[in-house]
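Let's take a walk through this structure together. Have a look at the sequence and the 3D view below, and then we'll go from one part to the next.

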Amino acid sequence: MTKQIYLDYNASTPIAHEALEAMRPFLTQHYGNPSSPHWAGIPAKDAVERARTQVAALLDCDPTEVVFTSGGSESNNHALKGVFFAHREHGDHIITTAVEHPATLAPGRFLERLGAKVTILPVDRFGRVDPDDVRRAISSRTILISVMHANNEVGTIQPIAEIAAIAHEAGVLCHTDAAQSVGKIPTRVDTLGVDLLSLAGHKLYAPKGIGALYIRKGTCIEPFIHGAGHESGRRAGTENVLLAVALGAACEVAAGWIDAPQIKDLRDRFWDQLQETFGPKVSLNGHPTQRLSNTLNINFTGRTGAEILGRMPQVAASTGSACHAGSVTLSPVLAAMGVPVREGMGAIRFSLGRATTWKELDEVISCLRHLSL
Ligand SMILES: Cc1ncc(COP(=O)(O)O)c(C=O)c1O
């Protein structure tokens, strides 16, 4: 069988060896409840707190500002709904963008049913939001600005620090969905200036089903799950010790992979070769420089991405967003960027990771050549 090639790291990553090893004792020995103050509970509690410290180190925040969640979707839901429910007396207006993940846009639509007003800002052809558009959209009713740090489909990085500064000038909270950026580029919360930040474990070599929400000290936000006082009263439910320790270990490892030049070099060489091979039949989606260094989203003009990937089934990549894989309509992100339909229908997102080799990328180029595109 032809070797399988994985180029879908923005959809999900394998579990880092260190994360796997960190979990092992919690599958067998340490089964206690972290809330129990006895010999069985204490190691579990210590492990959760150590993991919280490891996550906080990557975000450069205080461990008490990290709340474990079930992943990126929950973190975004908590940010939007939690702020709306805590601030609805003073305001009801939320600002976000057209290129957000459904995990932000759908809670926004849900809140509209409860009376929220949601402004969805446009982006330019590279997928960037204009901070002046953010400034103009703010009103006396605005309570939250939610702009993703880096886009999952095209990798474009948003000017979050500038947007957060604009938000704070107006006394508005700022949230960023950093599911795609944590572990790939610096995501220090003070540099970004955000009040809330979402991360998803399975995008940074931790297992699926774990994530975190950074909540800046003093931020007024309603808990997402009501119940007992877990997570300092911000999210009820016995902590998922197993996955929390994995996330902590993954965050520690990720610190060594920020702006990894080896991944960027491979990605750039891959793109150079594709251009050399296919000339004007290929074009790039996303910002040429302000872009995640592992992400290459390209259009094969006049073709459909699904058809191309269908003809090389050993290659795992994505057409548009992985969350809607299989769809042949232009993705909302590409549509918002104004990518012409004839080009964008042929979009394929190749996202590279730690295990990607040049041999694999070369193999993909050969496969594509054989398809006579
Ligand atoms: C930018 C972004 N936000 C949120 C999510 C949702 O994360 P999760 O799958 O952990 O719920 C994803 C996952 O695709 C994503 O790429």
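Start with the shell of residues around the ligand: four are nonpolar, seven are polar and two are charged. Keep in mind as you look around that this is a predicted model. In total, 13 residues surround the ligand, and the closest are Gly 72, Ser 73, Asp 177, Gln 180 and Lys 203.

Now zoom in on some of the side chains there. Asp 177, already listed among the closest residues, has a polar side-chain atom 2.6 Å from a nitrogen atom of the ligand. A polar side-chain atom of His 101 sits 3.2 Å from a ligand oxygen, and for His 202 the distance from an N or O atom in the side chain to an oxygen of the ligand is 3.0 Å. How much of the ligand does the protein bury? On its own the ligand would expose 400 Å², and 89% of that is buried by the protein.

Next, step back and see how the chain is divided up. Where the two domains touch, domain 1 puts in 30 residues and domain 2 puts in 35.

Counting cavities of 30 Å³ or more gives one, and the largest cavity has a volume of about 170 Å³. It is lined by 18 residues, with Gly 183, Lys 184, Tyr 205, Trp 257 and Ile 263 closest to its centre. By type, the lining has nine nonpolar, five polar and four charged residues. Why does this largest cavity lie between the domains? Because domain 1 and domain 2 both give residues to its lining.

Terms used: Residues numbered from 1 in each chain as written. Predicted model: local features only at pLDDT ≥ 70, side-chain atom pairs only at ≥ 80, totals over all residues. Heavy atoms only, no water. 1 Å grid on protein atoms, 1.4 Å probe; cavity = no way out; pocket = protein on both sides within 12 Å on 5 of 7 lines; lining within 4 Å. Points joined across faces, edges and corners; volume = space filled by probe spheres on them. Nonpolar A, V, L, I, M, F, W, Y, C, P; charged D, E, K, R; others polar. Domains from an automatic or database assignment. Near = heavy atom within 4 Å. Polar contact = N/O pair within 3.5 Å; in protein donor to acceptor, adjacent residues only side chain to side chain. Areas by Shrake-Rupley, 256 points an atom, 1.4 Å probe, with all protein chains shown as cover. Contact = heavy atoms within 4.5 Å.
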